[in-house]
Amino acid sequence: MSPTQHTPGGARPRLKLGIRPAAEAAVRAGHPWIYDESIRRQNREGETGEIAVVYDRRDRFLALGLYDPDSPLRLRVLHAGAPQRIDADWWRRRLEDALARREGIADAATDCLRLVNGESDGWPGLVLDRYGDALVLKLYSPVWLPRLDEIVDLFQNRLSPACVVLRLGRNIADRAAAYGLSDGSILRGAGPGGPVVVHESGLRFEADVLRGQKTGFFLDQRENRRRVESLARGAEVLNAFSFSGGFSLYAARGGAKTVTDLDISEHALAAARRNFGLNLDCPAVAACVHRTEQADAFVWLARAAPASFDLVVVDPPSLAKREAERAGAIRAYRRLNADAIRLLRRGGLLVAASCSAHVSESEFFGAVREAARASGRRVEEVAASGHAPDHPASFAEARYLKCLFLRFR
Ligand code: SAH
């Protein structure tokens with residue numbers, strides 16, 4: 001049997017775990033992770049991706065999850081509550097639930113959407129994104145590797161994509177290599193061979209589904225980009241940490257006079273220029289002056305001339321990759337946004353975003369509001385937002401995205 005056809009847990013007794021009371025309470029409350037230190041007993045060694053049964057302290061059924069012997073995050077919970085049989089029909093229903101949750105989210109002019117958002121959709125460590133007629137499956141845990149064929153068949157049969165692309169999170173490349181898989185592998189259909197062009201709110205964007213960050217595009221900012229469009233008329237816009245110009249195209253269509261994309265990556269800026277090129281049939285985009293600046297935004301923002309923009313978007317990559325970096329990240333957000341505020345003219349708008357999961361919403365909003373207060377200017381809060389509806393977040397660790405819109409008089 002090839003490794004991809006192998007479903008672990010075959011003829012042996014079920015893998016059973018007893019867990020500590022604190023973990024039991026967390027699982028009952030819907031938390032999807034059980035760490036190694038929470039396991040107080042276990043009937044045998046388990047294999048990667050094997051389904052384990054979790055018992056409470058009175059030896060009653062508590063949950064089912066996917067086991068990972070090599071990670072401190074030992075079990076990813078699939079189901080908690082009454083006992084259930086996990087078979088093909090169970091997986092099918094689980095996919096239907098995720099799809100039903102997204103009904104009506106994508107308008108007719110949007111063909112890129114997150115269909116499955118990991119733990120929060122009951123698929124721990126797995127993300128499924130639709131990019132036009134391509135599906136991108138991103139794995140953040142090796143627990144899916146042994147049953148990859150089964151679930152990819154399910155996705156293929158239900159969604160009929162032209163192709164399914166596999167993307168791998170950090171640390172699982174070696175595990176995937178044992179199955180003959182690597183980041184960018186084509187699992188079904190013919191691969192796109194390069195970036196694909198997708199539509200978001202009627203705008204065209206290229207998405208590098210084979211190699212790009214995340215799964216090729218930052219789908220999570222869709223709603224915030226739409227809001228920027230509604231606030232950009234006549235503005236000179238700076239899009240700091242622009243990536244491929246997502247916010248910029250919306251601003252341009254919303255009537256911005258000029259848009260400057262600022263990113264450290266020339267590759268990202270080249271994509272932003274191509275994305276403008278893809279949308280020149282829109283008169284507002286064609287009329288907007290598009291500039292790119294390749295620079296370290298932390299340095300550039302601190303040095304730029306004051307009062308030179310009407311709208312500044314600041315959407316840096318995660319500044320706290322682990323808990324120990326949290327305090328430093330909060331300080332960095334405060335400084336970065338203080339610099340951005342300095343660049344705003346009277347009546348200017350700051351759009352401050354954070355994708356650091358280790359920095360909470362109140363910590364981030366607190367840092368931006370502090371920078372606003374310190375500017376001594378009159379500030380009006382326009383909007384505060386979090387996750388797009390196709391990126392549900394069912395537990396604290398999954399809530400990473402927050403965005404604050406502030407108007408400065
Ligand atoms: N707002 C974007 C996503 C931003 S992702 C969107 O809506 O699509 C973060 C971007 O920050 C990446 O493109 C990365 O290249 C860029 N980046 C990382 N460090 C940077 C730095 N020090 N200065 C400028 N850009 C940086």
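The side chain of Asp111 comes within 2.7 Å of the backbone nitrogen of His199. The model is predicted, and its protein chain is divided into domain 1 (15–80), domain 2 (88–197) and domain 3 (218–408).

**Asp111**
- Asp111 lies in the loop that runs between helix 2 (88–101) and strand 7 (112–117).
- Asp111 is buried but has no salt bridge; Arg130, the nearest side chain of opposite charge, is 5.6 Å away. A salt bridge requires the nitrogen and oxygen atoms to be within 4 Å.
- Apart from neighbours within four places in sequence, the contacts of Asp111 are Arg130, Tyr131, Gly132, Val198 and His199.

**Extent of the interface**
- The centres of domain 2 and domain 3, taken over C-alpha atoms, are 29 Å apart.
- Contact between the two involves 14 residues of domain 2 and twelve residues of domain 3.
- About 1100 Å² is buried between domain 2 and domain 3, with 59% of it on carbon and sulfur atoms.
- On the domain 2 side, Ile105, Arg114 and Ser120 lose the most area to domain 3, together accounting for 42% of what that side buries.

**Polar links and contributing elements**
- One salt bridge is found across the interface of domain 2 and domain 3.
- Asp107 forms a salt bridge with Arg226, with the closest N and O atoms 3.3 Å apart.
- Seven residue pairs are in polar contact between domain 2 and domain 3.
- Strand 7 and strand 8 (126–131) are the elements giving two or more residues to the side of domain 2 that touches domain 3. Strand 7 gives the most, with four residues.

How values were computed. Residues numbered from 1 in each chain as written. Predicted model: local features only at pLDDT ≥ 70, side-chain atom pairs only at ≥ 80, totals over all residues. Heavy atoms only, no water. Buried < 20%, exposed > 50% of the residue type's maximum accessible area, 1.4 Å probe, protein only. Lys, Arg positive; Asp, Glu negative; His and termini not counted. Polar contact = N/O pair within 3.5 Å; in protein donor to acceptor, adjacent residues only side chain to side chain. Contact = heavy atoms within 4.5 Å. Domains from an automatic or database assignment. Buried area = accessible area lost by both parts, 1.4 Å probe.
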